[in-house]
Amino acid sequence: MTEYGYHDRVYAIVRQIPKGRVSTYGAIADYLALGSARMVGWALHQSILPDAIPAHRVVNRLGELSGRNAFPSPTFMQEMLENEGVEIQQDKVVHFETLFWHPKNIEHPM
DNA sequence: TGTTTGACCACGG
DNA sequence: GCCGTGGCCAAAC
């Protein structure tokens with residue numbers, strides 16, 4: 001049965017995040033109506049190992065790379081984002097509000 | 001089986 | 001702008 005745990009839904013959403021854009025735990029949790037952003041963070045922590053999930057595009061509501069410590073190296077997340085053209089400064093996404101992408105805008109970037 | 005913790009968020013003081 | 005509290009659900013102990 002299509003009995004997806006919410007982490008599967010989180011993966012599905014995160015995979016939709018366009019390159020060069022970022023989203024937040026709260027936005028994903030809100031979109032999935034799971035109730036809490038905490039679950040998203042927990043799910044993502046588990047999701048780093050599986051197939052190519054751009055977990056680096058998920059930051060907290062302040063645009064901070066709160067999950068960088070869960071990556072192979074504390075700077076890995078930042079380097080990935082910078083590689084996509086996202087500016088990072090002091091572990092925060094520059095122009096966060098502009099780059100912010102809400103799952104609501106799936107296939108409707110911008 | 002109950003408690004604690006977690007890549008969080010919003011609100012109140 | 002920092003601290004405490006509630007919420008939300010699952011995993012780890």
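Colleague: In this predicted model, does Glu84 count as buried or exposed, and at what relative accessibility?

Modeller: Glu84 is found in the loop between α4 and β3 (88-89). The cut-off for a buried residue is under 20% relative accessible area. Glu84 falls under that cut-off and therefore counts as buried, with a relative accessibility of 15%.

Colleague: Which residue's side chain makes a polar contact with the side chain of Glu84?

Modeller: Leaving aside neighbours within four places in sequence, Glu84 is in contact with Lys19, Gly20, His56 and Arg57. A polar contact requires a pair of N or O atoms within 3.5 Å. At 2.9 Å, the side-chain pair that makes a polar contact with Glu84 involves His56.

Colleague: What distance separates the C-alpha atoms of Glu84 and Met39?

Modeller: Met39 is among the closest residues to DNA strand C. Along the chain, Glu84 and Met39 are 45 residues apart. Their C-alpha atoms are separated by 26 Å.

Colleague: Which helix gives the most to the surface near DNA strand C?

Modeller: Seven residues surround DNA strand C, the closest being Tyr6, Ser36, Arg38, Met39 and Trp42. By class, this surface has four nonpolar, two polar and one charged residues. With three residues, the element that gives the most, spanning 37-47, is helix α3.

Colleague: How far from a base oxygen of DNA strand C does a polar side-chain atom of Arg38 lie?

Modeller: Of the atoms of DNA strand C within 4 Å of the protein, 59% belong to sugar or phosphate and the rest to bases. For a polar side-chain atom of Arg38, the distance to a base oxygen is 2.4 Å.

Colleague: How many residues does the largest nonpolar core hold?

Modeller: In soluble globular proteins, nonpolar side chains tend to be buried together. Here Val10, Val14, Ile28, Leu44 and Val93 touch the most other members of the core. One of these, Val93, is in contact with residues including Val22, Val59, Leu65 and Leu99. The number of residues in the largest nonpolar core is 27.

Key. Residues are numbered from 1 along each chain as its sequence is written. Chains are lettered from A and ligands numbered from 1 in the order in which they are written. This is a predicted model: local features need pLDDT of at least 70, side-chain atom pairs count only at pLDDT 80 or more; totals for chains, interfaces and linings use all residues. Side-chain values use heavy atoms; hydrogens and water are left out. A residue is near a molecule or strand if one of its heavy atoms lies within 4 Å of it. A polar contact is a pair of N or O atoms within 3.5 Å; within protein, one must be able to donate a hydrogen and the other to accept it, and residues adjacent in sequence count only if both atoms are side-chain atoms. Helices (H or I, at least four residues) and strands (E, at least two) are DSSP runs, numbered from the N terminus. Ala, Val, Leu, Ile, Met, Phe, Trp, Tyr, Cys and Pro count as nonpolar, Asp, Glu, Lys and Arg as charged, and the others, Gly among them, as polar. A nonpolar core is a set of buried Ala, Val, Leu, Ile, Met, Phe, Trp, Tyr and Cys residues joined through side-chain atoms within 4.5 Å. Buried means under 20% relative accessible area, exposed over 50%, partly exposed in between (1.4 Å probe, protein chains only). Contact means heavy atoms within 4.5 Å.
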